[in-house]
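Q: Got a model I'd like to walk through with you. Can we start with the strands and then turn to the ligand?

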Amino acid sequence: VAQVVVIVGAGQAGGQAAAALRHEQFAGRIVVLGEEAHPPYQRPPLSKALLLGKTQAADTAWRPPAFYADNSIELRLGARADRIDREAAEIALEDGTRIPYDHLVLATGTRPRRIDVPGAGDRRILYLRTLDDSARLAAEIGSARRVVVVGGGFIGLEVAASARQLGCAVTVVEALPRLMARSVAKATSAAFRTLHETEGTRIELSTAVKRFESSETGLDVVTGAGTIEADLVLVGIGAEANDELATAAGLATARGILVDEQCRTADPRIFAVGDCAVVTDEAGFGVRLESVQNAVDQGRAVAAAIAGREPAPLPVPWFWSDQYGAKLQIAGLAGADDDEIVRGDPGSGRFSVFRYSGNTLRGVDSVSSTSDHMVARRLLGSGISPDPRLIADPRTDLKKLVAMVARPS
Ligand SMILES: Cc1cc2nc3c(=O)[nH]c(=O)nc-3n(C[C@H](O)[C@H](O)[C@H](O)COP(=O)(O)OP(=O)(O)OC[C@H]3O[C@@H](n4cnc5c(N)ncnc54)[C@H](O)[C@@H]3O)c2cc1C
């Protein structure tokens with residue numbers, strides 16, 4: 001009897017899991033349930049090219065429309081999964097339909113964290129996660145003169161750069177003392193602050209929003225440091241995992257669905273992948289990543305696991321963000337207090353920051369230095385940390401270094 005895999009979530013990870021199952025020669029039935037009206041699409045352009053009008057919504061499609069039928073993937077759109085019945089091994093949709101499964105893959109992603117202050121329900125306050133959110137934001141930015149971005153993380157800064165390039169006056173309000181503080185080195189934060197300020201954006205750090213108030217001429221964003229008047233506010237203060245289905249079904253969750261390195265929950269039939277999954281190691285340390293790379297690699301890993309093949313070990317995490325002309329690429333997972341070794345001149349717009357904990361290389365931020373980023377991924381992937389003094393020495397040729405490290409002994 002052919003097996004049935006049901007995938008909840010028609011996003012980057014869900015689509016990848018379905019495609020990878022066929023790649024693994026899985027011959028059973030694959031059903032992908034997507035709450036949104038759109039087939040799987042890529043979210044990175046939503047805050048960048050799409051807002052700038054450099055690409056169209058149709059170009060964000062993850063695969064051509066015929067891909068699903070060609071690969072016998074049943075894509076059900078506008079279909080929200082409501083409940084998992086683990087005893088019957090069935091998933092119940094909001095419309096009452098029940099679909100039995102042999103394996104269930106939860107790929108439900110995240111939703112934007114809402115700001116919880118007085119006045120937050122104003123219709124001029126927007127969030128960005130979906131294609132529909134991006135279309136609305138693009139339409140409203142078109143008629144806005146003054147944009148306030150709450151949150152100096154990736155999405156906030158990308159939208160700030162887009163709004164500025166569209167001619168808006170832009171202010172970014174960030175509660176922490178530096179930009180992208182959870183993810184990048186201090187030197188990287190400082191360089192991006194300079195970049196945005198040079199482009200004419202006001203950056204307010206260590207500043208929290210207290211409330212929003214409607215005025216005669218706009219929307220007042222009241223912060224601890226004063227009031228900023230806006231026509232439009234974009235809130236980008238992080239994301240929350242869509243883990244309610246799993247929680248209600250009695251699976252372990254902690255700001256995401258807990259899985260092992262092969263994306264398995266404690267129920268052998270149920271897996272979780274992508275932004276909604278927290279990979280927990282044997283010591284109980286959990287990591288939830290929000291990146292295209294992670295969604296793609298976990299989609300492949302889960303397909304291998306379902307096909308009964310030992311999945312390849314998960315690769316080094318990496319991520320990118322485009323702001324103005326600067327391409328930020330991050331490899332590995334470093335801590336906020338790790339030591340920083342800067343190579344290149346941040347003032348030139350091309351540099352990398354190697355982040356060490358003691359003598360262990362944990363992560364590298366590269367700005368418009370893709371060759372450094374590739375070297376970083378190889379170094380981190382090999383688990384070998386070059387002596388920090390070598391990295392600090394500008395005469396060290398990184399490509400030669402990695403060739404030496406990679407050479408079999
Ligand atoms: C604006 C923006 C810009 C980004 N830029 C970058 C970038 O430059 N680089 C990078 O690496 N990453 C970027 N990311 C992150 C990246 O897009 C995500 O990590 C990736 O989309 C995660 O894929 P996913 O499949 O886990 O989640 P998603 O792509 O969010 O897909 C989850 C899907 O599941 C659906 N769903 C949820 N619950 C249910 C349910 N009960 N029933 C049915 N369907 C359900 C949701 O509607 C959604 O469509 C960006 C994200 C955003 C929002």
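Q: Which residue is the bridge partner of Val5 in S7?
A: His103 is the partner of Val5 in S7. This is a predicted model, where local features need pLDDT of at least 70, side-chain atom pairs count only at pLDDT 80 or more, and totals for chains, interfaces and linings use all residues. Residues are numbered from 1 along each chain as its sequence is written, and side-chain values use heavy atoms, with hydrogens and water left out.

Q: How many bridges join S1 to S7?
A: 4 bridges join S1 (residues 4-8) to S7 (residues 103-106), and the two run parallel. Strands here are DSSP runs of E, at least two residues; helices are runs of H or I, at least four residues. Two strands pair if DSSP finds at least two bridges between them.

Q: What is the strand order in that sheet?
A: S3-S2-S1-S7-S19, an open sheet of 5 strands with parallel pairing.

Q: Why is one side of S3 and of S19 left without a neighbour?
A: S3 (73-77) and S19 (270-272) stand at the edges and each has a single partner strand, so one side of each has no neighbour in the sheet.

Q: Now the antiparallel sheet. What is its order?
A: S22-S23-S26-S25-S24, 5 strands in an open sheet. S22 and S24 (339-345) are the edge strands, each pairing on one side only.

Q: How many bridges join S25 to S26?
A: 7 bridges join S25 (residues 350-357) to S26 (residues 360-367). Ser352 stands opposite Ser366 in S26.

Q: Which strands does H8 touch?
A: H8 (residues 370-382) packs on the sheet and touches S22, S23 (326-332), S25 and S26. Contact means heavy atoms within 4.5 Å. The direction of H8 makes about 5° with that of S23. Axes are lines fitted to C-alpha atoms, for helices over the stretch in contact, and angles run from 0 to 180 degrees between N-to-C directions.

Q: On to the ligand. Which residues come nearest?
A: Glu36, Arg43, Lys48, Arg129 and Asp275, out of 32 residues around the ligand. Near means a heavy atom within 4 Å.

Q: How far is the side chain of Arg129 from a ligand oxygen atom?
A: An N or O atom of that Arg129 side chain is 2.7 Å from an oxygen atom of the ligand. A backbone N or O atom of Gln12 lies 3.2 Å from a ligand oxygen atom.

Q: Which elements each supply at least two shell residues?
A: H1 (12-23), S2 (29-34), H7 (292-306) and S22 (318-323).

Conventions: A polar contact is a pair of N or O atoms within 3.5 Å; within protein, one must be able to donate a hydrogen and the other to accept it, and residues adjacent in sequence count only if both atoms are side-chain atoms.
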